[in-house]
Amino acid sequence: MRLVRRAAGTATLLAALLATPLALPSATQAAEAGDRDRAAYSAATTVGVHNAYLQDTFPYFADALDSGAGMLELDVWTNAFGSGWRVSHDNPFGNANNCVGAASADGLRTGARNRSLAGCLADLRAWHDAHPGHRPVLIKVELKDGFADNLGRGPDEFDRLVRGALGEAVFGPGDLIGGHATLDEAVLAGGWPSRQELAGRFLIHLIPGTVEEANPFDGLWTDVEYARHLRDSAQAGTLAETAAFPAVHGAQAGDPRASRYQDASLRPWFVVFDGDATAYVQGVDTSWYADRHYLLVMTDAHGVPPAISATSPTEAEALVRVNALAAAGASVVSSDWHALPSVLSTVVPRG
């Protein structure tokens, strides 16, 4: 299905799709899965889980990885009120999560939970080692209060922590850029590998956190800080050491980079966009993203009118929503549908 060319057309198409009875998977659709794996990563739509690190969502982070989801989210705190990189939702002082810091696959569901980001990365590594050739998994990291470079928790330290734990299992900016000057140039040239080529890899994207965005004294948000880091790393010849893609956070018509980033040299380092699904489908020409091979993460997918349950819709309701937002240009359709593994493992053509 061709992407619509106007925001109004996107909303009309979405309404039509939501009103259409769900077509159950067929043998033809199963055969097409191989074609999707051979197509570029940006040409498919997968399903993500919001706050996948919470124990109420999955007892263990390994359960999140086993769910088949294409994207899993971690929330990270860096401030001086606690030590290290803390993973929790609303506790800035310590860790509250389902990570155990496993040394091997045997330990993924044993031992104490509530580990730091290093512990969650250890779980990713242990699971990765036990599942060679696993599906590509996008890890969304919300830095709740931003980086704290003055405390040794800046972009460089983030890269070293991630690369030290995951090594070549990470597909980062240095892998994407190839012989191009910027990430934007690489992606416009169709530079995302296929899902097949990304088998056994993790991709990471970063967004500014809710606390950071509400802090009137924070003048340097995660997206800008990490984009500067990528730009400077490219100039220094160290881009291969970086680990993540900064995302433009929040739906906005046109090219949001033009108004968000006064420093034009930062704009070509953003090729991932992340925002509310309703805002995208009701006011944005989403074909702009797909035509340029950018990744578009649509959050709160359940809230698109007519709203469905954020946690426990029927499988049919969730699949209709996934297909509708795929047709509207989403790369990832994200909600809290943790109890629907058949939905979480869904991969459909984008557009």
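The lining of the second largest cavity in this predicted model comprises, by class, 9 nonpolar residues, with no polar and no charged residues among them. The residues concerned are Leu74, Leu117, Leu121, Leu124, Ile139, Val141, Phe158, Val162 and Ile204, and the space that lies within this second largest cavity amounts to about 40 Å³. Two or more lining residues are given by each of helix H4 (117-130), strand E4 (137-143) and helix H5 (155-166), and H4 provides the largest share of the lining, with 3 residues.

In total, the structure holds 2 cavities of 30 Å³ or more, and the largest cavity contains about 60 Å³ of space. The largest cavity is lined by Tyr41, Ala44, Thr45, Thr46, Leu138, Arg195, Leu295, Ser331 and Val332. When these lining residues are divided by class, 5 are nonpolar, 3 are polar and 1 is charged, whereas the lining of the second largest cavity has no polar and no charged residues. Strand E1, which spans residues 44-49, gives the most to the lining of the largest cavity, contributing 3 residues.

Helix H5, one of the elements that line the second largest cavity, also packs against another helix in the model, as the axes of H5 and helix H9 (residues 222-236) come within 10 Å and cross at roughly 75°. Since angles of 65 to 115 degrees count as roughly perpendicular, H5 and H9 are therefore roughly perpendicular to each other. On the side of H5, the contact is made by Pro155, Asp156, Phe158 and Asp159, and on the side of H9 by Glu225, Tyr226 and His229. By class, the residues of this contact between H5 and H9 divide into 3 nonpolar, 1 polar and 3 charged. Phe158 of H5 takes part in the contact with H9, and Phe158 is also listed among the residues that line the second largest cavity.

A further local feature concerns Gly178, which is placed in the loop between helix H6 (173-177) and helix H7 (183-188). The relative accessible area of Gly178 is 56%, and because a residue counts as exposed when this value is over 50%, Gly178 is classed as exposed. Gly178 and Gly191, which are 13 residues apart in sequence, have their C-alpha atoms 8.1 Å apart in space.

Note on methods: Residues are numbered from 1 along each chain as its sequence is written. This is a predicted model: local features need pLDDT of at least 70, side-chain atom pairs count only at pLDDT 80 or more; totals for chains, interfaces and linings use all residues. Side-chain values use heavy atoms; hydrogens and water are left out. On a 1 Å grid over the protein atoms alone, a cavity is a set of points where a 1.4 Å probe fits but cannot get out, and a pocket is an open set with protein on both sides within 12 Å along at least five of seven lines; lining residues have an atom within 4 Å of a point. Grid points are joined across faces, edges and corners, and a volume is the space filled by probe spheres set on the points. Helices (H or I, at least four residues) and strands (E, at least two) are DSSP runs, numbered from the N terminus. Ala, Val, Leu, Ile, Met, Phe, Trp, Tyr, Cys and Pro count as nonpolar, Asp, Glu, Lys and Arg as charged, and the others, Gly among them, as polar. Axes are lines fitted to C-alpha atoms, for helices over the stretch in contact, and angles run from 0 to 180 degrees between N-to-C directions. Angles under 35 degrees count as roughly parallel, over 145 as roughly antiparallel, 65 to 115 as roughly perpendicular and the rest as oblique. Contact means heavy atoms within 4.5 Å. Buried means under 20% relative accessible area, exposed over 50%, partly exposed in between (1.4 Å probe, protein chains only).
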